Amino acid sequence: MKRIAVLTSGGDCAGLNAVVRAVTQRAVAGYGWEVFGIRQGTAGLLARPIDAEKLEISRFEGDLLRRGGTFLGTTNSGNPFDYPTQDGGRIDRSEEIIAAYRELELDALIGIGGDGSMAILRRLAQQGGLNLVGIPKTIDNDLGHTEVSVGYDTAVRVATDALDNLQPTAASHSRVMILEVMGRDAGHIALSAGIAGGADVILIPEIGYQIESVARKIAALRVAGRNFALVVVAEAVTTESGEAVTQYQPGGAKNYGGVGHYIAGRIAEATGAETRVTVLGHVQRGGSPTATDRLMGTAFGVHAVDLIEEGKFDHMVAWSEREVTAIPISEAIAGYNAVDPQGSLVKTARGVGICFGDT
Ligand SMILES: Nc1ncnc2c1ncn2[C@@H]1O[C@H](COP(=O)(O)OP(=O)(O)OP(=O)(O)O)[C@@H](O)[C@H]1O
Ligand SMILES: O=P(O)(O)OC[C@H]1O[C@](O)(CO)[C@@H](O)[C@@H]1O
Ligand SMILES: [Mg+2]
């Protein structure tokens with residue numbers, strides 16, 4: 001009988017509970033193994049006593065499959081290799097995590113995370129000889145070599161719903177509505193929700209923009225008789241002089257946020273239009289997971305456990321051509337998945353008249 005652990009890491013997203021449920025079902029009912037859920041990502045393995053709970057199938061009999069967030073908790077701070085101390089310094093606490101893996105007498109660890117988490121977990125696994133299997137999740141959809149990451153579909157749905165709600169009020173008041181969405185350094189959420197939600201302008205970090213181009217689009221809409229416009233802006237879009245708009249966080253981290261207000265001001269100056277800004281923020285990470293996120297999360301959970309049974313470690317499950325596959329975690333991290341400016345979705349958007357601010 002094997003003993004395995006599972007943790008959720010990085011920013012939370014919808015569908016994580018579905019993944020943990022599938023891992024538990026497959027490991028406990030399928031193979032007769034023991035499963036431990038680590039709380040708060042790497043923080044649970046740094047805590048003493050180790051912050052973990054034994055997971056039984058009965059834990060999932062309620063509505064966990066349908067709930068957003070992660071019942072295990074997660075963290076996207078406190079990198080164990082560069083852990084902040086109270087006096088403002090940094091220390092390497094990686095050996096404490098490796099010791100926790102040994103103390104729990106684990107045969108393998110399943111890490112559910114995005115690019116940042118995969119990099120940290122892989123480094124720990126290599127240093128300590130831990131058997132790691134990865135499962136991709138991130139609303140940003142920026143992991144390489146997988147067509148799907150858990151959480152992205154729900155984030156796109158939430159952003160599309162926001163555009164659906166903004167359109168009537170935009171039309172009622174003859175306004176230009178700016179919707180700022182998340183995505184870290186990639187514009188996937190902005191692009192997909194912008195197309196699905198009928199945006200007129202989409203600004204993403206992968207395509208440079210000029211405000212004059214956006215203003216021309218809004219003027220053309222007016223000439224055509226339209227009294228409103230919907231503009232979607234990805235959070236990593238910079239000012240025209242190339243500066244990222246960020247908020248300082250304790251410990252020196254910087255979070256994106258606020259570029260929507262900059263864009264709104266510039267559009268108002270350039271067009272004379274009345275503008276309003278909605279910064280969608282963490283709403284995109286919540287909500288009940290879509291069917292796709294539950295489905296992919298469940299498929300990934302089952303296959304990750306099967307990879308452990310096969311002894312295929314240092315791999316991440318991935319979705320490719322209607323199948324679950326496994327790719328080396330190193331490749332998933334190395335192949336950052338930004339929006340392809342020549343790709344089908346950008347062509348689709350241009351094909352329905354959406355302006356990227358570059359023409
Ligand atoms: N203990 C930690 N676990 C995970 N990430 C951490 C931790 N400490 C710091 N980080 C950093 O925080 C960031 C986490 O955000 P990041 O977006 O990369 O997470 P992720 O796992 O990729 O998931 P998501 O993209 O959904 O947030 C990464 O850049 C990572 O290096
Ligand atoms: O939860 P936090 O720390 O504010 O992080 C926000 C970031 O996390 C994500 O939601 C997921 O990586 C990004 O889209 C966003 O930039
Ligand atoms: Mg990430």
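About 40 Å³ of space lies in the largest cavity, a cavity being a set of points, on a 1 Å grid over the protein atoms alone, where a 1.4 Å probe fits but cannot get out. The volume quoted is the space filled by probe spheres set on those points, which are joined across faces, edges and corners.

Before selecting anything, note that this is a predicted model in which local features need pLDDT of at least 70 and side-chain atom pairs count only at pLDDT 80 or more, while totals for chains, interfaces and linings use all residues. Residues are numbered from 1 along each chain as its sequence is written, chains are lettered from A and ligands numbered from 1 in the order in which they are written, and side-chain values use heavy atoms, with hydrogens and water left out. If you colour by pLDDT, the predictor's confidence in each residue from 0 to 100, the mean for the chain is 97, and 100% of its residues reach 70 or more.

**First stop: the cavity.** Select L45, I97, L109, L121, L124, A125, L130 and L132, which line the largest cavity in that they have an atom within 4 Å of a point. The lining divides into eight nonpolar residues, no polar and no charged, where Ala, Val, Leu, Ile, Met, Phe, Trp, Tyr, Cys and Pro count as nonpolar, Asp, Glu, Lys and Arg as charged, and the others, Gly among them, as polar. Helix α4 (residues 115–128) gives the largest share, three residues; helices (H or I, at least four residues) and strands (E, at least two) are DSSP runs numbered from the N terminus.

D140 lies in the loop between β7 (132–136) and α5 (152–173). Is D140 buried or exposed? D140 counts as buried because its relative accessibility is 10%, and buried means under 20% relative accessible area (1.4 Å probe, protein chains only), with exposed over 50% and partly exposed in between. Leaving aside residues up to four places away in sequence, D140 touches G183, R184, A186 and H188, contact meaning heavy atoms within 4.5 Å.

Methods
On a 1 Å grid over the protein atoms alone, a cavity is a set of points where a 1.4 Å probe fits but cannot get out, and a pocket is an open set with protein on both sides within 12 Å along at least five of seven lines; lining residues have an atom within 4 Å of a point.
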